[in-house]
Amino acid sequence: MLYTQDRTQQRKFLANAWQKFLNKQPLDPLEAQLTQIIKIHPEYHSLIQNIESDFFPESGEVNPFLHINLHLSLTEQLSINQPQGINEYYQKILEKVKDPHKVEHFMMDCIAQMIFSSQKNNAPMDHQAYVNCLKEASK
């Protein structure tokens with residue numbers, strides 16, 4: 001049950017998937033996706049079990065749970081090409097950067113900006129601003 005508004009439930013799902021991976025237990029497809037993302041982020045391996053921890057970006061901390069979920073969100077968007085044309089933006093950025101993981105991080109920054117702006121302004125997410133950010137990153 002990853003898709004929930006409950007922070008603790010969401011973090012437990014992620015932590016349980018990682019533990020299952022470490023224990024070499026069978027994973028469902030979503031757990032397998034998550035663990036592949038966690039694998040490429042060794043800096044988060046020790047943090048995944050700390051589901052009650054708070055992370056403060058203003059102090060330079062990265063929230064590993066948010067980061068992993070942004071990767072997952074982007075993976076989903078790319079798999080269905082939504083927003084329309086996102087795969088083209090990905091390819092254009094990849095031509096410049098040459099590193100798929102770095103490309104994801106550039107694109108995730110655009111998602112994070114959209115979310116932050118929405119929360120800061122208590123407004124709906126501005127999908128056009130997200131697309132504009134992707135366009136700018138792909139120039």
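This is a predicted model: local features need pLDDT of at least 70, side-chain atom pairs count only at pLDDT 80 or more; totals for chains, interfaces and linings use all residues.
## Overall fold

The protein contains six helices and zero strands. Read from one end of the sequence to the other, the pattern is α-α-α-α-α-α. Along the principal axes, the C-alpha trace spans about 45 × 35 × 25 Å.

The radius of gyration is 16 Å, which agrees with the value near 14 Å that a compact globule of 139 residues would have. Of the 139 residues, 34% count as buried. Among contacts between residues at least 6 apart in sequence, 53% join residues at least 24 apart.

## Helix 3 against helix 5

Helix 3 covers residues 64–80 and helix 5 covers residues 100–121. Their axes come within 9 Å and cross at roughly 100°. Angles from 65 to 115 degrees count as roughly perpendicular, so helix 3 is roughly perpendicular to helix 5.

On the helix 3 side, the contact is made by His67, Leu70, His71, Ser73, Leu74, Gln77 and Leu78. These residues meet His101, Glu104, His105, Met107, Met108, Ile111, Ala112 and Ile115 in helix 5. By class, the residues of the contact of helix 3 with helix 5 divide into eight nonpolar, six polar and one charged.

## Helix 3 against helix 4

Which angle do helix 3 and helix 4 make where they pack? The angle is about 110°, and the axes are 8 Å apart. Helix 4 is formed by residues 86–97. At that angle helix 3 and helix 4 are, therefore, roughly perpendicular to each other.

Leu74, Gln77 and Leu78 in helix 3 meet Ile86, Asn87 and Tyr90 in helix 4. The contact of helix 3 with helix 4 has four nonpolar residues, two polar residues and no charged residues.

## Salt bridges

Side chains of opposite charge can pair when their charged atoms come close. The structure holds three salt bridges. One of them joins the side chains of Asp54 and Arg7, with an N to O distance of 2.8 Å. This pair links distant parts of the chain, 47 residues apart: Asp54 lies in the loop between helix 2 (29–39) and helix 3, while Arg7 lies in helix 1 (residues 7–22). Asp54 is partly exposed, with a relative accessible area of 43%. Arg7 is partly exposed as well, with a relative accessible area of 39%.

Lys20 forms a salt bridge with Glu31, and the closest N and O atoms of the pair are 2.8 Å apart. Lys20 is in helix 1 and Glu31 is in helix 2, so the pair, eleven residues apart, links distant parts of the chain. Is Glu31 buried or exposed? Glu31 has 7% relative accessibility and buried means under 20%, so Glu31 counts as buried. Lys20, in contrast, is partly exposed, with a relative accessible area of 24%.

A salt bridge also forms between Glu136 and Lys139, whose closest N and O atoms are 3.4 Å apart. Lys139 counts as exposed, at 65% relative accessibility.

Ala137 is placed in helix 6, and Ser138 is found in the segment after helix 6 (127–137). Ala137 counts as partly exposed, at 22% relative accessibility. Ser138 counts as buried, at 10% relative accessibility.

Which residues does Ser138 touch, not counting residues up to four places away in sequence? They are Tyr89, Lys92, Ile93 and Lys96.

Technical notes. Residues are numbered from 1 along each chain as its sequence is written. Side-chain values use heavy atoms; hydrogens and water are left out. Axes are lines fitted to C-alpha atoms, for helices over the stretch in contact, and angles run from 0 to 180 degrees between N-to-C directions. Helices (H or I, at least four residues) and strands (E, at least two) are DSSP runs, numbered from the N terminus. Angles under 35 degrees count as roughly parallel, over 145 as roughly antiparallel, 65 to 115 as roughly perpendicular and the rest as oblique. Contact means heavy atoms within 4.5 Å. Ala, Val, Leu, Ile, Met, Phe, Trp, Tyr, Cys and Pro count as nonpolar, Asp, Glu, Lys and Arg as charged, and the others, Gly among them, as polar. A salt bridge is a side-chain nitrogen of Lys or Arg within 4 Å of a carboxyl oxygen of Asp or Glu. Buried means under 20% relative accessible area, exposed over 50%, partly exposed in between (1.4 Å probe, protein chains only). The radius of gyration is taken over C-alpha atoms; the globule rule is 2.2 Å times the number of residues to the power 0.38.
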